[in-house]
Amino acid sequence: MTAPKTAADSETQLARILTSLSEDKAEDIVQIDLRGKSAIGDFMIVCSGRSTRQVTSIAEKLADRLKTELGVLTKIEGKDAGDWVLIDTGDVIVHIFRPEVREFYQLEKMWLPGDKTAAVES
């Protein structure tokens, strides 16, 4: 028997993630709706921090807020290097890049083809 899900739903997580990123001065925030497109999650967020220190700080604060405020445990990759940090909540995937690394990978372009963009930039 599986335990009931107690963590916040994906839309609640998304709202808190966007607020946290904004509070910590993340730049060029792009929201991608993955529902019906991929099984990796419901939403993907791509954003930038100005330096490795800011990228790491944004990631640490986001993971802490999700845990303390919503009871959401996250998986974090890349925090030690600070060039590109991935935070996975299971429902929402957050990529935080230094601008140069983001430009190199152009990750959001894979998910936002042509005129069919589902992104909300802030």
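I began with helix 1, whose buried residues are Ser 10, Gln 13, Leu 14, Arg 16, Ile 17, Ser 20 and Leu 21. Buried here is under 20% relative accessible area, exposed is over 50%, and partly exposed is in between, with a 1.4 Å probe and protein chains only. Helices (H or I, at least four residues) and strands (E, at least two) are DSSP runs, numbered from the N terminus.

I noted the basis of the values before going on. This is a predicted model, in which local features need pLDDT of at least 70 and side-chain atom pairs count only at pLDDT 80 or more, while totals for chains, interfaces and linings use all residues. Residues are numbered from 1 along each chain as its sequence is written, and side-chain values use heavy atoms, with hydrogens and water left out.

**Confidence**

I looked up pLDDT, the predictor's confidence in each residue on a scale from 0 to 100. The average for the protein is 87, and 86% of the residues score at least 70. Residues 1-6 fall below 50, and this stretch has one contact in the model beyond near neighbours in sequence. A contact is a case of heavy atoms within 4.5 Å. Residues 115-122 also stay under 50, but for them the model has 16 contacts beyond four places in sequence.

**Overall layout**

I counted four helices and six strands in the secondary structure. Along the sequence they follow the pattern α-β-β-α-β-β-β-α-α-β. Of the 122 residues, 42% are buried. I also looked at contacts between residues at least 6 apart in sequence, and 58% of these join residues at least 24 apart. The accessible surface is about 7,100 Å², and carbon and sulfur atoms hold 51% of that area. These areas come from the Shrake-Rupley method with a 1.4 Å probe, and for residues only the protein chains shown count as cover.

**Back to helix 1**

I checked the length of helix 1: its 14 residues reach 20 Å from first C-alpha to last, close to the 20 Å expected at 1.5 Å a residue. The expected span is 1.5 Å times one less than the number of residues. An α-helix has 3.6 residues a turn, so residues three or four places apart point the same way. Which elements do the buried residues of helix 1 pack against? They pack against strand 1 (27-33), strand 2, helix 2 and strand 5. Just after helix 1, Lys 25 takes a positive phi of about 65°.

I then looked at Ser 20, in helix 1. Ser 20 counts as buried because its relative accessibility is 1%. Its side chain joins that of Arg 65 in a polar contact of 2.6 Å. A polar contact is a pair of N or O atoms within 3.5 Å; within protein, one must be able to donate a hydrogen and the other to accept it, and residues adjacent in sequence count only if both atoms are side-chain atoms. Beyond four places in sequence, Ser 20 touches Leu 62 and Arg 65.

**Cores**

I looked for nonpolar cores, which are sets of buried Ala, Val, Leu, Ile, Met, Phe, Trp, Tyr and Cys residues joined through side-chain atoms within 4.5 Å. The largest has 21 residues, and those touching the most other members are Ile 17, Leu 21, Ile 45, Leu 62, Ile 87, Val 94 and Ile 96. At least two residues each come from helix 1 (10-23), strand 2 (43-48), helix 2 (52-70), strand 4 (84-88) and strand 5 (92-97). Helix 2 gives the largest share of this core, six residues. Leu 62 is in contact with Ile 17, Ser 20, Leu 21, Ile 87 and Val 94, leaving aside neighbours within four places in sequence. A second, separate core has nine residues, including Val 30, Met 44, Val 46 and Phe 97.

**Thr 89**

I found Thr 89 in the loop between strand 4 and strand 5. Is Thr 89 buried or exposed? Thr 89 counts as buried because its relative accessibility is 13%. The side chains of Thr 89 and Gln 13 make a polar contact of 2.5 Å. A polar atom of the Thr 89 side chain also lies 2.8 Å from the backbone nitrogen of Val 92.

**Gln 106**

My last entry is Gln 106, in the loop between helix 3 (99-105) and helix 4 (107-111). Gln 106 has a positive phi of about 45° although it is not a glycine. Gln 106 is partly exposed, with a relative accessible area of 30%.
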